[in-house]
Amino acid sequence: MRIALYTVRVTPTAPAPSIVERLSAPHRGPVPFSVEFMPPRDAEGEARLWRAVRIFERLSPAFVSMTYGAGGSTRDRTVRITGELAAQTTLLPVAHLTAVNHSIAELRALVGAYADQGITNILALRGDPPGDPLGEWIAHPEGVEYAEELVRLIGTLGDFHIGVASFPEGHHRAPDLEHDTRNLVNKLRAGAEYSITQMFFDVEDYLRLRDRVQAADPEQGAKPIIPGIMPVTSLASIKRMAELSGSVIPPNVVERFTKAAGDGPEEDRATVRAVGIDFATETAERLIAEGAPCLHFCSLNFAKATSEVLGRLGVDVDAALHVPA
Ligand SMILES: Cc1cc2nc3c(=O)[nH]c(=O)nc-3n(C[C@H](O)[C@H](O)[C@H](O)COP(=O)(O)OP(=O)(O)OC[C@H]3O[C@@H](n4cnc5c(N)ncnc54)[C@H](O)[C@@H]3O)c2cc1C
């Protein structure tokens, strides 16, 4: 990636609202929602992403976020498309940024490149080792070791609004939940304004995380913890995703989806999808009842499943879904 090296503090040209501001603005439906996109692999994937973007635009999410790939051209696409989301849509983008294989100079340059495009909301992450997310983490020799340092670095570069990751089941590398909670509190104390959680299958895990942070530090515990939800549309993909993130699918949930998948040589996708929409809706309803500040949908660049869940929650999605081809 060819990027200019910024060595001075940068001033975003047109400051965008912060995520916390957006969460308290008027919204459709019972609670604000947001959408996570990922950088597409090819032109076909990019066309699909833009179809989803245009549908979501009509549903007015509080913000959208774009994940940061493991390397090379995917990273270039993340930066380019996040810029296009800021310039060519009415959406408020959050740029994910990871420390993987980046020196501090490169991280500064990337933050500067976002600022140049008016992007001031950044999700600061450590990232996982490329290739094997559960493998040994090796920091760049001139980079940062933990996300907390990235939060501090971005904070020195300008008027950015920073979010971080949180883990209802605890991060898979944390020795215990106490350590995991301390890390989240430290990231918030370092300047993060909110966190977005890893997707989870048991709402109790989210509620206990919220309790732990509030007990550890009431001031930081008042910051929004935005739950991540993924409407499951395939049993195989959800198993793979759990494997990659080190999260655990509770036995009753495995049983529900396995039953839906059936005994045939191929899983019954239609039934799994229907159960996935039911499960995501039930999860969302419980989260709303428990006062979650926003629902963050991992869309995999598709709009339909998330829109169906939103429709079931009372958002008027019909007009948005009928976009002319
Ligand atoms: C909402 C969300 C979005 C994500 N987006 C992306 C993305 O776009 N691209 C991507 O590659 N990955 C993404 N990830 C995955 C994330 O990068 C990984 O889960 C990663 O393993 C942890 O990142 P972190 O920012 O939480 O790291 P950290 O907060 O740095 O924590 C990493 C580990 O180090 C431990 N730790 C932290 N500080 C210390 C310390 N001082 N001493 C000892 N141990 C410590 C923590 O307990 C934890 O186990 C995302 C995750 C979430 C939840």
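These entries go from the ligand shell to one of the strands that supplies it.

Entry one. I noted that the model is predicted. I then listed the shell around the ligand and got 23 residues. The closest are Thr-67, His-96, Arg-126, Ala-147 and Arg-173.

Entry two. I sorted the shell by residue type. Seven residues are nonpolar, ten are polar and six are charged.

Which elements each supply at least two residues of the shell? I found β3 (93–98), α5 (147–157), α6 (177–189) and β6 (194–197). The largest share, four residues, comes from α6.

I picked β3 and checked burial. Six of its six residues are buried, so β3 is largely enclosed by the rest of the structure. In a regular strand, side chains alternate between the two faces of the sheet.

Which strands pair with β3? Strand β2 (residues 63–66) runs parallel to β3, joined by three bridges. Strand β4 (residues 121–125) pairs with β3 over four bridges, also in the parallel sense. Ala-95 of β3 is the bridge partner of Met-66. Ala-95 also has a bridge partner in β4, Ile-122.

I followed the chain from β3 to β4. With helix α4 (residues 104–116), the two strands make a right-handed β-α-β unit.

Conventions: Residues are numbered from 1 along each chain as its sequence is written. This is a predicted model: local features need pLDDT of at least 70, side-chain atom pairs count only at pLDDT 80 or more; totals for chains, interfaces and linings use all residues. A residue is near a molecule or strand if its C-beta atom, placed from the backbone, lies within 6 Å of it. Ala, Val, Leu, Ile, Met, Phe, Trp, Tyr, Cys and Pro count as nonpolar, Asp, Glu, Lys and Arg as charged, and the others, Gly among them, as polar. A residue is buried if 20 or more other C-beta atoms lie within 10 Å of its own, exposed if 12 or fewer, and partly exposed in between; C-beta atoms are placed from the backbone. Two strands pair if DSSP finds at least two bridges between them. A crossover is right-handed if, with the strands pointing away from the viewer, the path from the first strand over the helix to the second runs clockwise.
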